[in-house]
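Please look over the structure below before reading on. The report then takes its features one group at a time.

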Amino acid sequence: VQLQASGGGLVQPGGSLRLSCAASGSISSINRMAWYRRAPGKQRGLVASLTDGGISNYADSVKDRFTISRDNAKNTLYLQMNSLKPEDTAVYYCNADGRSGSLRPFSHWGQGTQVTVSS
């Protein structure tokens, strides 16, 4: 199972970006997908998560600005980021927990995509 993240870039404060994370390989099911981020000098932390049952969870710092969503048919996770702030600058990583085609549990990470918010 592989995760391919994309959509990062440079944006001005107040702008928007949409991140995507596509899961591929032998996948039986994905129970939970999530976005994490690591800002310079800080540890990686949860941004938002979404279960296959549709339950979402957000870090307080991004509530009402970010929206996590998922296309189950494409095994793709999205993060719509609006009203971006300089403190949102970080490398964003996607994570997926599920079971492979042979029903083995997995937890995989994408390669990370850089988001820079600056004027």
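This is a predicted model: local features need pLDDT of at least 70, side-chain atom pairs count only at pLDDT 80 or more; totals for chains, interfaces and linings use all residues.

Residues are numbered from 1 along each chain as its sequence is written, and side-chain values use heavy atoms, with hydrogens and water left out.

**Disulfide**

A disulfide is taken as a pair of cysteine sulfur atoms within 2.5 Å. The count by this rule is one. The partners are C21 and C94, with sulfur atoms 2.1 Å apart. The link of C21 and C94 is right-handed, with 60° about the S-S bond. C21 belongs to strand β3 (residues 17-24) and C94 to strand β9 (residues 90-100), so the bond ties together parts that are 73 residues apart in sequence. Strands here are DSSP runs of E with at least two residues, and helices are runs of H or I with at least four; both are numbered from the N terminus.

Are the two cysteines buried or exposed? Buried means under 20% relative accessible area, exposed means over 50%, and partly exposed lies in between, using a 1.4 Å probe and protein chains only. C21 is buried, at 0%. C94 is buried too, with a relative accessibility of 0%.

**Charge over rings**

A charge sits over a ring if NZ of Lys or CZ of Arg is within 6 Å of the ring centre and within 35 degrees of the ring normal. R44 meets this rule with Y93, where its charged end sits 4.9 Å from the ring centre. R44 also lies over the face of W109, 3.8 Å from the ring centre. W109 is part of strand β10 and counts as partly exposed, at 35% relative accessibility.

Ring-to-ring pairs have their own rule. Rings of Phe, Tyr and Trp (its six-membered ring) pair if their centres lie within 6.5 Å; planes under 30 degrees apart are stacked, over 60 edge-to-face, and the rest tilted. A search of the whole structure finds one aromatic pair.

**Largest pocket**

Rolling a probe the size of a water molecule over the atoms shows where empty space is left. The search uses a 1 Å grid over the protein atoms alone: a cavity is a set of points where a 1.4 Å probe fits but cannot get out, and a pocket is an open set with protein on both sides within 12 Å along at least five of seven lines. Lining residues have an atom within 4 Å of a point.

How much space lies in the largest pocket? About 170 Å³, where grid points are joined across faces, edges and corners and the volume is the space filled by probe spheres set on the points. The lining holds 14 residues; R37, A39, K42, S61 and E87 lie nearest the centre. Strand β5 (residues 45-51) gives the largest share, three residues. By type, the lining has six nonpolar, four polar and four charged residues. Nonpolar here means Ala, Val, Leu, Ile, Met, Phe, Trp, Tyr, Cys and Pro; charged means Asp, Glu, Lys and Arg; the others, Gly among them, are polar.

**Positive phi**

Most residues other than glycine have a negative phi. S83 is not a glycine, yet its phi is positive, about 50°. S83 lies in the loop between β8 (76-81) and β9 and is partly exposed, at 41%. L103, also not a glycine, has a positive phi of about 70°. L103 lies in the loop between β9 and β10 (105-109) and is exposed, at 52%.

**Pairs apart in sequence**

The table lists C-alpha separations.

| Pair | Apart in sequence | C-alpha distance |
|---|---|---|
| W109 and M33 | 76 residues | 9.9 Å |
| G110 and S6 | 104 residues | 9.5 Å |
| Q2 and A22 | 20 residues | 8.1 Å |
| T67 and A39 | 28 residues | 19 Å |

G110 lies in the loop between β10 and β11 (113-117) and is buried, at 9%. Q2 sits in strand β1 (residues 2-6) and is exposed, at 57%. T67 lies in strand β7 (residues 66-71) and is partly exposed, at 43%.
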